[in-house]
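Visitor: Hey, I'd like to go through a structure with you. Please put it up and I'll start asking.

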Amino acid sequence: QVQLVESGGDSVQAGGSLRLSCRPSGYSAGSTYMISWLRQAPGKEREGVAGIFTGRGYTYYADAARGRFTISEDKAKKRVYLRMNSLKPEDTGRYYCASTRPGQFLSASGWPVPAYYGYWGQGTQVTVSS
């Protein structure tokens with residue numbers, strides 16, 4: 001069974017940086033799938049931040065993340081990272097790593113939709129203070 005484990009969340013001041021890490025397990029060697037970061041702030045719906053189609057390098061970014069965040073894959077370490085720079089208080093929330101079944105590719109309109117992901121991590125908290 002697929003499992004996702006996130007790490008890297010922390011409390012930082014505005015303008016700071018963080019790198020979140022997601023370690024997927026349970027996929028067969030050579031599998032390709034979508035894996036994304038979605039976040040949820042208190043009282044708000046879960047929203048897509050950035051996504052990547054493993055093995056192909058296709059990436060997506062939400063408008064709020066583009067230019068500040070970078071999603072990347074380290075195949076050797078079997079990790080997916082989210083590098084976040086120039087953090088703002090509105091970036092505060094719980095960040096979840098989510099992935100699809102093997103072979104499932106999500107379009108530009110589909111990747112931010114939480115319902116399309118079958119596997120979720122427990123999340124890691126990011127708090128940005130002003």
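Visitor: Is the link of Cys22 and Cys97 left-handed or right-handed?

Guide: That link is left-handed, with -80 degrees about the S-S bond. One heads-up: this is a predicted model, where local features need pLDDT of at least 70 and side-chain atom pairs count only at pLDDT 80 or more, while totals for chains, interfaces and linings use all residues. Residues are numbered from 1 along each chain as its sequence is written, and side-chain values use heavy atoms, with hydrogens and water left out.

Visitor: OK, and how many disulfides does the structure hold?

Guide: It holds 1 disulfide, meaning a pair of cysteine sulfur atoms within 2.5 Å. Here Cys22 and Cys97 have an S to S distance of 2.0 Å.

Visitor: Which parts of the chain does the pair link?

Guide: Distant ones: Cys22 sits in strand S3 and Cys97 in strand S9 (residues 93-99), 75 residues apart. A strand is a DSSP run of E, at least two residues, numbered from the N terminus.

Visitor: Are Cys22 and Cys97 buried or exposed?

Guide: Both Cys22 and Cys97 are buried. Buried is under 20% relative accessible area, exposed is over 50%, and partly exposed is in between (1.4 Å probe, protein chains only).

Visitor: How many residues of S9 are buried?

Guide: In S9, 6 of the 7 residues are buried, so the strand is mostly covered.

Visitor: And which way do S4 and S9 run, parallel or antiparallel?

Guide: S4 and S9 run antiparallel, joined by 6 bridges. Two strands pair if DSSP finds at least two bridges between them. Arg39, for one, has Tyr95 in S9 as its bridge partner.

Visitor: What joins S9 to S10?

Guide: 2 bridges do, and S9 and S10 run antiparallel. Ser99 stands opposite Tyr119 in S10.

Visitor: How about S9 and S11, how many bridges join them?

Guide: S9 and S11 have 3 bridges and run antiparallel. Gly93 is across from Val126 in S11, and Arg94 has Gln125 in S11 as its bridge partner.

Visitor: Do S2 and S11 run parallel or antiparallel?

Guide: Parallel: strand S2 (residues 11-13) is joined to S11 by 3 bridges. Gln13 has Ser129 in S11 as its bridge partner.

Visitor: Which side chains of S11 are buried?

Guide: Along S11 (residues 124-129) the side chains alternate. Thr124, Val126 and Val128 point to one face and are buried.

Visitor: Let's switch to loops. Where does Ser28 lie?

Guide: Ser28 is in the loop between S3 and strand S4 (34-40).

Visitor: Why does Ser28 count as exposed?

Guide: Because its relative accessibility is 55%. Pro102 is 74 residues away from Ser28 along the chain, yet their C-alpha atoms are separated by 8.4 Å.

Visitor: And where is Gly103 found?

Guide: Gly103 is in the loop between S9 and strand S10 (119-120). Gly103 counts as exposed because its relative accessibility is 52%.

Visitor: What is Gly103 in contact with, leaving aside its neighbours within four places in sequence?

Guide: Thr32 and Tyr33. Contact means heavy atoms within 4.5 Å.

Visitor: And what separates the C-alpha atoms of Gly103 and Gly26?

Guide: A distance of 14 Å, with Gly103 and Gly26 lying 77 residues apart along the chain.

How values were computed:
Helix = DSSP H or I, 4+ residues; strand = E, 2+ residues; numbered from the N terminus.
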